[in-house]
Amino acid sequence: MKRKTSQPLLPAHKKAGNGAMYDLFPSFPFKDGTISTGYESLSHALSKERVVILDGYIGVDWKEVSTSLSAHLTAQGLKVATLNVGNCLKDRKEIQDLVRPFMGENESIFGYKTTLSLSDFFDATKLAMLTVDGSADITLVYGTGAGLCGLDGFLVYLDLPKNELQYRMRAGEVFNLGNDQPLPPKTTYKRFYFVDWVVLNKEKKRLLPLAKAVVDQQRPNRPTWTTGDALRFNLKEMSANYFRVRPWFEPGVWGGSWMKERFSSLNPNVPNYAWSFEMIVPENGLVFESNGTLLEVSFDMLMYQEQKNVLGKAADRFKDEFPIRFDFLDTFNGGNLSVQCHPSPKYIRDQFGENFTQDETYYIMDAGEDADVYLGFHKDIDPQMFRKDLEHSFETKEKLDVEKYVQKLPSKKHELFLIPHGTVHCSGINNMVLEISATPYIFTFKMYDWQRLDLDGTPRPLNIEHAFNNLDFSRKGQVVTDTLVSKPRMTESGKDWKKFHLPTHRDHFYDIVRYEFDGEIEIETQGQCHILMLVEGEQIMLHPPSMPATNFNYAETFAVPAAAKKYRLTNLSKKTAKVILSHVKENACKPNETCL
């Protein structure tokens with residue numbers, strides 16, 4: 001299947017690499033089970049079954065799956081019948097009418113998270129008419145939604161990472177659920193985010209405890225798979241020890257060179273790298289390894305099964321939504337980000353159906369001598385004039401004097417800038433930003449984008465109306481440096497270590513600390529999941545509670561679940577290690593309450 005990207009496929013087998021290098025394909029050791037490769041081995045596991053239900057995520061190549069398994073089963077002397085559940089979908093016009101209320105305005109990138117379920121996309125009468133061919137030795141019921149067929153059978157779930165889904169989408173190979181023709185990529189993604197992924201995630205959660213086998217279908221003609229029992233066992237192991245998601249990288253109009261120069265495993269033949277999805281868990285996957293063979297599943301499988309182990313005290317509030325994200329924004333030798341803000345908790349709930357909002361911080365991993373961050377307004381801000389000038393710039397394509405309205409603060413390595421909802425902000429050139437934020441990640445209201453075109457040559461959409469419904473004009477003048485620039489303070493220390501608290505804003509539900517140590521430190525989770533990154537030094541060793549120690553390199557994100565209770569970190573480099581750690585605040589608001 002075609003894919004449009006400069007990034008490599010996850011290999012089926014992991015090659016031995018330089019242990020001190022940033023790992024593009026981090027994996028978790030698979031215990032008490034095996035990971036197998038290929039349709040032939042899967043067909044042997046299915047050959048004794050009478051009915052096999054092949055369900056899975058959108059983007060799975062069902063033609064490859066059904067024809068490959070049929071061929072291998074036929075080669076074993078079996079008579080094979082197939083039933084394509086896609087034929088039971090409602091017609092395209094009916095599905096368009098069904099999803100329209102959740103798609104927002106045509107020109108907008110925003111919709112509203114659907115309340116639909118996958119069954120709403122299917123014709124119940126057609127599903128009821130599916131019957132097993134009595135003359136066949138084995139019947140394969142296949143397609144997204146096959147688990148709704150009402151037939152008893154051996155359930156196989158086929159998963160596809162979100163990055164590969166989008167690469168296939170950009171190549172015109174994957175359509176939205178119930179569509180038989182491609183839409184523009186941005187419209188397709190909007191439909192994915194607000195409709196398709198919502199209903200399919202709900203169905204995946206229902207099927208996870210029932211699956212007898214789970215397949216990673218991202219490599220054409222070379223899937224890897226394991227038993228459902230083995231996967232569930234290893235998700236439980238992971239939930240009590242540690243995890244690192246598989247990161248993925250994207251170029252952007254403002255992208256820089258920092259990651260390109262330092263992460264040698266990345267493809268160098270791209271113009272830049274703007275983002276790294278270090279831990280944006282709605283889009284990241286988890287990779288398991290058995291004897292060098294790799295299998296990737298979506299991160300949400302861990303949350304569906306083990307949310308309490310992972311989140312501890314925060315599970316009652318966030319359920320199976322992982323609350324914190326880490327990502328990189330690279331503007332070294334690049335450009336400024338757009339001038340932007342994010343929605344209030346009420347606005348994001350009412351307008352888009354999200355459960356919590358996109359409160360952010362910028363931790364400066366590295367900065368050039370001339371690096372700056374745009375943050376908050378000048379004391380004499382005139383909101384009406386600011387809006388008038390923004391709209392004039394949008395209509396005439398004239399450049400805006402941003403510094404007339406927005407403060408520009410010098411940024412230095414290891415500083416933390418606080419960006420609660422409603423705060424005008426953007427990173428300037430020559431910053432390597434570790435963005436530590438709440439998990440929602442697409443709700444950026446751009447007001448000004450320096451009159452640039454996107455990488456595809458089209459204007460980037462602005463959201464001035466949304467922004468002015470959320471901008472907090474009290475964040476101006478001295479208030480900015482007093483309340484939006486974190487003031488670190490040392491809270492604990494020992495012979496060769498120090499702990500610094502980097503206070504976040506009262507609107508942030510997560511907190512941030514930094515450990516600096518030469519030897520070894522022990523940390524208690526205190527009932528919270530810890531998300532960590534080595535931000536200075538070369539390599540550290542994590543000693544989890546019930547597994548062998550594992551190493552993490554500079555700039556790699558990993559997490560220790562609440563259920564681990566305590567763990568140790570050992571500095572493996574000669575210089576002092578600095579580790580950033582974020583977790584949900586103890587006093588974060590409870591379920592169904594509104595944060596400040």
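Q: Is Trp 275 buried, partly exposed or exposed?
A: Trp 275 is partly exposed, with a relative accessible area of 28%. Buried means under 20% relative accessible area, exposed over 50%, and partly exposed in between (1.4 Å probe, protein chains only). Please note that this is a predicted model: local features need pLDDT of at least 70, side-chain atom pairs count only at pLDDT 80 or more, and totals for chains, interfaces and linings use all residues. Residues are numbered from 1 along each chain as its sequence is written, and side-chain values use heavy atoms, with hydrogens and water left out.

Q: How many aromatic pairs does the structure hold?
A: The structure holds 43 aromatic pairs. Rings of Phe, Tyr and Trp (its six-membered ring) pair if their centres lie within 6.5 Å; planes under 30 degrees apart count as stacked, over 60 as edge-to-face and the rest as tilted. One of these pairs is Phe 110 with Phe 443, which is stacked at 5.8 Å centre to centre and 15 degrees between the planes.

Q: Which parts does that pair tie together?
A: Phe 110 lies in the loop between helix H3 (92-99) and helix H4 (124-128), and Phe 443 in the loop between strand E20 (431-438) and strand E21 (445-448), so the pair ties together parts that are 333 residues apart in sequence. Helices (H or I, at least four residues) and strands (E, at least two) are DSSP runs, numbered from the N terminus.

Q: Changing topic, where does Asn 470 lie?
A: Asn 470 lies in the loop between helix H13 (464-468) and helix H14 (478-483). At 10% relative accessibility, Asn 470 counts as buried.

Q: What does the side chain of Asn 470 reach?
A: The Asn 470 side chain reaches the backbone nitrogen of Ser 344 at 2.9 Å. A polar atom of that side chain also lies 2.8 Å from the backbone oxygen of His 466.

Key
A polar contact is a pair of N or O atoms within 3.5 Å; within protein, one must be able to donate a hydrogen and the other to accept it, and residues adjacent in sequence count only if both atoms are side-chain atoms.
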